Amino acid sequence: MTYDELEVEAMVQEALEECVEFENLDDEELFELIENVKNLTGSDVEEAYEYLSQYSPISRKRFVALYYV
């Protein structure tokens, strides 16, 4: 694993420890988490969403509201 992968993993685990699942995050926190994952993994928003969804479900409707409004 690269340093960035470890950093992303730690960030995701920390967020889940605090909120139990991503649906419990407010919109700003969820947006920041997706942006951080996107930047650290060098992926686009859709890939970051899919990556995070592996750990805890995120409503597709909520995701679309954050990014496509």
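Me: Hi! Which residues does R60 touch, not counting residues up to four places away in sequence?
Reply: Hi! Setting aside residues up to four places away in sequence, R60 touches E46, Y49 and E50. Please keep in mind that this is a predicted model.

Me: Thanks. Where is the place of R60?
Reply: R60 sits in helix α4, which covers residues 60-67.

Me: And how exposed is R60?
Reply: R60 has a relative accessible area of 40%. Buried would need under 20% and exposed over 50%, so R60 counts as partly exposed.

Me: How far apart are R60 and K38 in space?
Reply: Going from C-alpha to C-alpha, they are 17 Å apart. In sequence, 22 residues separate R60 and K38.

Me: Let's step back a bit. How many helices and strands are there in the chain?
Reply: The chain has four helices and zero strands. Following the sequence, you would read the pattern as α-α-α-α.

Me: What radius of gyration does the chain have, and what would a compact globule have?
Reply: The chain has a radius of gyration of 11 Å. A compact globule with 69 residues would be near 11 Å, so the two agree. As for the box, the C-alpha atoms fill roughly 35 × 25 × 20 Å along the principal axes.

Me: What share of the residues is buried?
Reply: Of the 69 residues in the chain, 35% are buried. The accessible surface comes to about 4,500 Å², and carbon and sulfur atoms hold 50% of that.

Me: What about contacts between residues 24 or more positions apart?
Reply: Taking the contacts in the chain with a separation of 6 or more, 56% are between residues 24 or more positions apart.

Me: How exposed is D27?
Reply: The relative accessible area of D27 is 43%, so D27 is partly exposed.

Me: New topic, pockets! How much space lies in the largest pocket?
Reply: The largest pocket holds about 170 Å³ of space.

Me: Which residues line the largest pocket?
Reply: Its lining consists of M11, E14, A15, E18, L25, E29, E32, L33 and N36. Helices α1 (3-19) and α2 (27-41) each supply at least two residues of that lining.

Me: How do the lining residues divide into nonpolar, polar and charged?
Reply: You get four nonpolar, one polar and four charged residues in the lining of the largest pocket.

Me: Last one, about V20. Where is its place, and what is its phi?
Reply: V20 is in the loop between α1 and α2. Its phi is positive, about 75°, although V20 is not a glycine.

Me: Is V20 buried or exposed?
Reply: V20 has a relative accessibility of 65%. The cut-off for exposed is over 50%, so V20 counts as exposed.

Terms used:
Residues are numbered from 1 along each chain as its sequence is written. This is a predicted model: local features need pLDDT of at least 70, side-chain atom pairs count only at pLDDT 80 or more; totals for chains, interfaces and linings use all residues. Side-chain values use heavy atoms; hydrogens and water are left out. On a 1 Å grid over the protein atoms alone, a cavity is a set of points where a 1.4 Å probe fits but cannot get out, and a pocket is an open set with protein on both sides within 12 Å along at least five of seven lines; lining residues have an atom within 4 Å of a point. Grid points are joined across faces, edges and corners, and a volume is the space filled by probe spheres set on the points. Ala, Val, Leu, Ile, Met, Phe, Trp, Tyr, Cys and Pro count as nonpolar, Asp, Glu, Lys and Arg as charged, and the others, Gly among them, as polar. The radius of gyration is taken over C-alpha atoms; the globule rule is 2.2 Å times the number of residues to the power 0.38. Buried means under 20% relative accessible area, exposed over 50%, partly exposed in between (1.4 Å probe, protein chains only). Contact means heavy atoms within 4.5 Å. Accessible areas come from the Shrake-Rupley method with a 1.4 Å probe; for residues, only the protein chains shown count as cover.
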